[in-house]
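Have the sequence and the 3D view ready side by side.

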Amino acid sequence: MKTSLKNKPLVTIITVVYNAASLLEKTIQSVLEQTYPNIEYIVIDGNSTDGTINIIKKYNDSINFWLSEKDEGIYDAMNKGIELAKGDWINFMNAGDKFYTNTVIKDVFSSVDFDKGDIIYGDYRYIYSPEFSIIVNPKPIKKLWKYMSLCHQTVFMRTSILKQYKFSLNNIAADHELLYRCYIEKYRFIYSEGIIASFLGGGVS
């Protein structure tokens with residue numbers, strides 16, 4: 001079992017997927033290609049029927065834990081991943097999304113004083129189509145009361161916070177709800193300069 005190393009906390013990456021065989025492999029590869037030496041990788045599948053399981057099994061030796069079973073939607077699947085996580089920090093990189101470069105996690109945890117923060121976030125590439133994308137800088141955290149001012153694919157949150165609160169199953173924007181709760185309860189947000197993730201447009205919310 002992986003544990004934290006000096007100055008290199010254990011980072012759990014969770015991928016949730018349902019019938020996304022055409023998208024999943026690139027997401028898995030972007031996690032496994034990270035140069036950061038202390039990663040736990042968990043994949044939660046919602047009982048896919050389109051070949052997704054075959055892709056997961058292809059990388060069985062490199063994924064720390066995966067399961068496939070019926071769930072109550074994306075946030076239920078994400079909560080299952082939280083329950084299983086052993087890391088100090090969690091990031092959700094779901095099917096269709098990927099880290100911007102293979103050094104992202106190493107760069108984030110070497111460039112910020114993570115001991116002084118609870119939530120780390122950064123910039124992202126929003127992909128509208130294969131031909132068009134833009135780089136987006138997160139809006140000020142104080143705007144969270146109004147809208148989702150950052151992208152959850154760029155967020156690294158302390159596992160202890162996620163295990164305490166979990167995601168609501170009754171809110172289509174439960175990630176926004178949880179981040180805003182963290183803001184009003186004065187958890188510490190740290191901005192990490194640089195592009196963290198490529199985010200595929202569309203999705204549930």
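Helix 1 (21–32), strand 6 and strand 9 each give at least two residues to the lining of the second largest pocket. Helices (H or I, at least four residues) and strands (E, at least two) are DSSP runs, numbered from the N terminus. Before going on, note that this is a predicted model, where local features need pLDDT of at least 70, side-chain atom pairs count only at pLDDT 80 or more, and totals for chains, interfaces and linings use all residues. Residues are numbered from 1 along each chain as its sequence is written, and side-chain values use heavy atoms, with hydrogens and water left out.

How is such a space found? Rolling a probe the size of a water molecule over the atoms shows where empty space is left. On a 1 Å grid over the protein atoms alone, a pocket is an open set of points where a 1.4 Å probe fits, with protein on both sides within 12 Å along at least five of seven lines; lining residues have an atom within 4 Å of a point. Grid points are joined across faces, edges and corners, and a volume is the space filled by probe spheres set on the points. The second largest pocket has a volume of about 290 Å³. It is lined by 14 residues, and the closest to its centre are Lys26, Gly96, Lys98, Ile127 and Leu200. By class, five lining residues are nonpolar, five polar and four charged. Here Ala, Val, Leu, Ile, Met, Phe, Trp, Tyr, Cys and Pro count as nonpolar, Asp, Glu, Lys and Arg as charged, and the others, Gly among them, as polar.

Now look along strand 6. Two strands pair if DSSP finds at least two bridges between them. Strand 6 (residues 119–129) pairs with strand 8 (residues 156–158) in the antiparallel sense, over two bridges. There, isoleucine 120 stands opposite phenylalanine 156. With strand 9 (residues 189–200), strand 6 pairs in the parallel sense over eight bridges. With strand 7 (residues 132–136), the sense is antiparallel and the bridges number five. Find tyrosine 124: alanine 197 in strand 9 stands opposite this residue, and valine 136 is its bridge partner in strand 7.

Next come the charges. A salt bridge is a side-chain nitrogen of Lys or Arg within 4 Å of a carboxyl oxygen of Asp or Glu. The count comes to eight salt bridges. One of them joins aspartate 118 and arginine 188 (3.1 Å, N to O). This pair links distant parts of the chain, 70 residues apart: aspartate 118 is in the loop between helix 4 (104–111) and strand 6, and arginine 188 is in the loop between helix 6 (174–184) and strand 9. Buried or exposed? Buried means under 20% relative accessible area, exposed over 50%, partly exposed in between (1.4 Å probe, protein chains only). Aspartate 118 is buried, at 9%, while arginine 188 is partly exposed, at 38%. Asp118, Arg158 and Arg188 are linked in a network of salt bridges. Lysine 116 and aspartate 113 also meet in a salt bridge (3.7 Å, N to O). Lysine 116 is exposed, at 56%.

Last, the backbone. Most residues other than glycine have a negative phi. Asparagine 19 has a positive phi of about 50 degrees. This asparagine is found in the loop between strand 1 (11–17) and helix 1. Phi of asparagine 47 is also positive, near 75 degrees. Asparagine 47 lies in the loop between strand 2 (39–45) and helix 2 (52–58).
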